[in-house]
Amino acid sequence: MSSEPKISVGFVVNLTFLFNRIIYLNTGDPMPNFIPVAKVTDLKPGQAKMIMAGGHQIALFNVGGSFYATSNICLHMGGPLGDGDLSDQLVTCPWHGWEYDVKTGECLTSPALKVQTYEVKVERDEIQVGI
């Protein structure tokens with residue numbers, strides 16, 4: 001008979017939750033509130049669309065079945081990124097052609113700039129964005 005303590009799954013889940021809370025508390029970043037914004041079937045690979053979530057205008061992108069979200073507002077002159085052309089992971093603003101990497105928010109046209117990105121998760125068939 002083993003004298004090693006048994007660890008339950010619930011204990012591990014609670015520790016993981018606690019650890020994640022500590023990480024957010026230590027970095028000063030609030031834990032995002034995930035808001036349902038679309039169904040997986042609403043956005044086919046290679047498509048983008050503008051959504052509203054928590055008062056934020058957000059561009060939602062499907063890159064090969066993975067979903068990403070950035071601010072919908074181009075840093076150049078405020079063009080709608082959700083209406084831009086998406087090629088692989090690059091979106092081109094429809095107004096003046098500024099390009100952004102939707103995974104990182106990096107601006108290829110002006111590398112010193114970066115558009116805000118949002119955490120995205122999918123639960124069942126629902127796309128959620130962290131605000």
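Helices (H or I, at least four residues) and strands (E, at least two) are DSSP runs, numbered from the N terminus. By that rule, the chain has one helix and 10 strands. This is a predicted model, in which local features need pLDDT of at least 70, side-chain atom pairs count only at pLDDT 80 or more, and totals for chains, interfaces and linings use all residues. Residues are numbered from 1 along each chain as its sequence is written, and side-chain values use heavy atoms, with hydrogens and water left out.

**Chain as a whole**
- From the N terminus on, the order of elements is α-β-β-β-β-β-β-β-β-β-β.
- Of the 131 residues in the chain, 28% are buried (under 20% relative accessible area, with exposed over 50% and partly exposed in between; 1.4 Å probe, protein chains only).
- Among contacts (heavy atoms within 4.5 Å) between residues at least 6 apart in sequence, 38% join residues at least 24 apart.

- Four strands make up an open antiparallel sheet, ordered 2-3-4-8; two strands pair if DSSP finds at least two bridges between them.
- Strand 2 (48–53) and strand 8 (117–118) each have a single partner strand, so one side of each is left without a neighbour in the sheet.
- Six antiparallel bridges link strand 2 with strand 3 (residues 56–63).
- Ala 48 has Phe 61 in strand 3 as its bridge partner.

**Thr 70**
- Thr 70 lies in strand 4 (residues 66–71).
- Thr 70 counts as buried because its relative accessibility is 1%.
- Beyond its neighbours within four places in sequence, Thr 70 contacts residues including Ile 58, Phe 61, Leu 81, Val 102 and Tyr 118.
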